[in-house]
Number of protein chains: 2
Amino acid sequence: MNTNNAMVRLQKACKEKSPLCIGLDTDPSYLPESVISRFPSPAEAVVAYNQGIVEAASQYAACCKVQVAYYEAMGLAGMKAFSDTLKLVRGSGMIAISDVKRGDIADTAKAYARAHFSGDFETDIITINPYMGFDTLEPFVEAATAADKGIFVLLCTSNPGRDDIEKLSLTKGGTVLQAVGNRLNELANRFGVGEGSTSPVGAVVGATAEEDARALRDAYSRIFFLIPGYGAQGGAARVAATLLDNAGGTVNSSRGILCAWKKSAELADKREAGTLTMSDIVGAAEKASEAAMKDLQQAFAALKA
Amino acid sequence: MNTNNAMVRLQKACKEKSPLCIGLDTDPSYLPESVISRFPSPAEAVVAYNQGIVEAASQYAACCKVQVAYYEAMGLAGMKAFSDTLKLVRGSGMIAISDVKRGDIADTAKAYARAHFSGDFETDIITINPYMGFDTLEPFVEAATAADKGIFVLLCTSNPGRDDIEKLSLTKGGTVLQAVGNRLNELANRFGVGEGSTSPVGAVVGATAEEDARALRDAYSRIFFLIPGYGAQGGAARVAATLLDNAGGTVNSSRGILCAWKKSAELADKREAGTLTMSDIVGAAEKASEAAMKDLQQAFAALKA
């Protein structure tokens, strides 16, 4: 077992540097027209913006999460932008998480693992949907282990619809998400227990699940969490901090950082005049990243005080 | 409500022409070296092979299912091959199903819908994973309705792991997959009832679920099924035929068709000599398509006899 896989490295970076994950869910509609119009295509504007954020904000974050849907929506040019963005993130020293939520059986799962652990779309960690069953997780665990990569499996998502399936109560006891969580604990056990664990398997737990945060954190105390829902989705730093306890986690902020220019008081005049530049909007994202990092660090310090 | 959406058109084509869906899960490893080596890249060989199959076999099938994982695994060239393959299928008069199993929240789901219902990756119908909750289905239903497209939602998959989550019993009664199925019935109700239904929402039900086939077919009698697992995965025509009853369905065969050249007796000498041509392997796929169509039609006739 290798102790240098991406999940172990991310866990270390989040403890030593910052719990923040910058979400590069960069839809072109998040950029002002005055910036987009300077590029030959929206996809190229997105890559340039991502590059600006990666360079300016890498000191405040351990990783970037790249939501593939926004890139797929731009077609082939978008997939090139996805590939370019992953290279920028990985080249910066931050860890890249591709939020792809893939999940499929046998050879198809192996193909997805090849797609995202090597080649044009190579990343460090991918998100996985476990719905089709635990046999569908195995090819990803094997591939991650072989290539020093990692996977985050959906456990308790940040949307209200988590009540529809994830939180249903089972006749055998517990809920659907606990059935998934039990399997994640079993998977983690394969890689050693306690501080020395080298499991490449993490879990997605939303910062909006306030009523469940403490119980989830304790039930899966050795599993590292990817925590979406903080900021624009309404999740509080206090809830996120709870989820950062024990094995730790990384807290994603996407629109709170990408769209910070829309709320910046000092950019109000330029915003109204339609003269915002790339430097303006990257600067706003940098300030928002620093603020998010400090917000999370303070909330965690308060929790542990 | 438009009666011309892709799901309604597919339902009609399956009843009038053939229940067969050809699975273009074309991994380059499914092609002999003597064919691959004639192309500048594996991705181009895959597109040429797909083109051959679409031209030769369109008379035996209503649709083709394109599994995106095998194309993603080839990186940017693979995504171009995915785009080209969808154009070939749609240009042939067959309906294209992109087996993407996407699923995500709110704006991200909308981005996935844009990605696959328009632009470079435009298809007719996509597969959807409902795990994150029913709010995640709505953007896809809306987008499908607006663009005359369709969605197949995972209901009972063909792999053994379906026992792990899909078939868990709930304290409120029924199973997880029945909770999903109930919502699919509700969604279908929005588009009218009975023969005149114009619902763009179908369900994935594996042909390997022999013990459940009749109950599933009757519980969701008005929902059109995408039926994987026939052939190489072990599903019998008899089970598939049960699932073709009521509102009908389309039965997918992937490796049984794509890899037919590996089992063809008349190609044995060429196979051993390493001299198989594109024409040889496309011819084997054509024969396998015809045989699969007849196998399914006979099984269905026997069921109804």
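Good morning. A helix, as the word is used in this talk, is a DSSP run of H or I with at least four residues. By that definition, B:Ala106 lies in helix H6 of chain B. The model I am presenting is a predicted one.

Let me stay with B:Ala106 for a moment. Its phi is near 45°, a positive value in a residue other than glycine. Is B:Ala106 buried, exposed or partly exposed? A residue counts as buried if 20 or more other C-beta atoms lie within 10 Å of its own, and as exposed if there are 12 or fewer. B:Ala106 has 14 other C-beta atoms within 10 Å, so it is partly exposed.

A second residue of this kind is found in chain A. The phi of A:Asn246 is near 55°, again a positive value in a residue other than glycine. A:Asn246 belongs to the loop between helix H10 (237-243) and strand E8 (249-253) of chain A. With 15 other C-beta atoms within 10 Å, A:Asn246 is partly exposed.

I turn now to chain A as a whole. It contains 13 helices and 8 strands. Its C-alpha atoms fill a box of roughly 60 × 45 × 35 Å along the principal axes. For 305 residues, a compact globule would have a radius of gyration near 19 Å, and the 19 Å of chain A agrees with this. Buried residues account for 60% of the 305 residues in chain A. Of the contacts in chain A with a separation of 6 or more, 74% join residues 24 or more positions apart.

How are the strands of chain A arranged? They form a closed barrel of 8 strands, in the order E1-E2-E3-E4-E5-E6-E7-E8, with parallel pairing. From one strand to the next, the twist averages 30°. As an example, strand E6 (residues 201-205) and strand E7 (residues 225-227) of chain A pair in the parallel sense over 2 bridges. In that pair, A:Val204 has A:Leu226 of E7(A) as its bridge partner.

Helix H5 (residues 75-91) of chain A touches strand E2 (63-67) and strand E3 (95-102) of chain A, and its direction makes about 175° with that of E2(A). Helix H8 (residues 176-189) of chain A touches strand E5 (150-156) and E6 of chain A, at about 155° to the direction of E5(A).

Let us look at one strand in chain B. All 5 of the 5 residues in strand E8 (residues 249-253) of chain B are buried. B:Gly249, B:Val251 and B:Ser253 point one way from E8(B), while B:Thr250 and B:Asn252 point the other way. Strand E1 (residues 20-23) of chain B runs parallel to E8(B) and is joined to it by 3 bridges; here B:Cys21 is partnered with B:Asn252. Strand E7 (residues 225-227) of chain B also pairs with E8(B) in the parallel sense, over 3 bridges, and B:Phe225 has B:Gly249 as its bridge partner.

Finally, how do the two chains relate? A rotation of 180° with 0.0 Å of shift along its axis superposes chain B on chain A, with an RMSD of 0.0 Å. That is the relation of a two-fold axis. Where they meet, 46 residues of chain B are in contact with 46 residues of chain A. Helices H4 (68-72), H5 (75-91), H6 (106-117) and H8 (176-189) of chain B each supply at least two residues of the side that touches chain A. That side of chain B has 21 nonpolar, 14 polar and 11 charged residues. Because 100% of the interface residues of chain B are also interface residues in chain A, the copies meet through the same surface. Thank you.

Note on methods: Residues are numbered from 1 along each chain as its sequence is written. Chains are lettered from A and ligands numbered from 1 in the order in which they are written. This is a predicted model: local features need pLDDT of at least 70, side-chain atom pairs count only at pLDDT 80 or more; totals for chains, interfaces and linings use all residues. Copies are superposed by least squares on the C-alpha atoms of residues with pLDDT of at least 70 in both. Two residues are in contact if their C-beta atoms, placed from the backbone, lie within 7 Å. Ala, Val, Leu, Ile, Met, Phe, Trp, Tyr, Cys and Pro count as nonpolar, Asp, Glu, Lys and Arg as charged, and the others, Gly among them, as polar. The radius of gyration is taken over C-alpha atoms; the globule rule is 2.2 Å times the number of residues to the power 0.38. Two strands pair if DSSP finds at least two bridges between them. Axes are lines fitted to C-alpha atoms, for helices over the stretch in contact, and angles run from 0 to 180 degrees between N-to-C directions.
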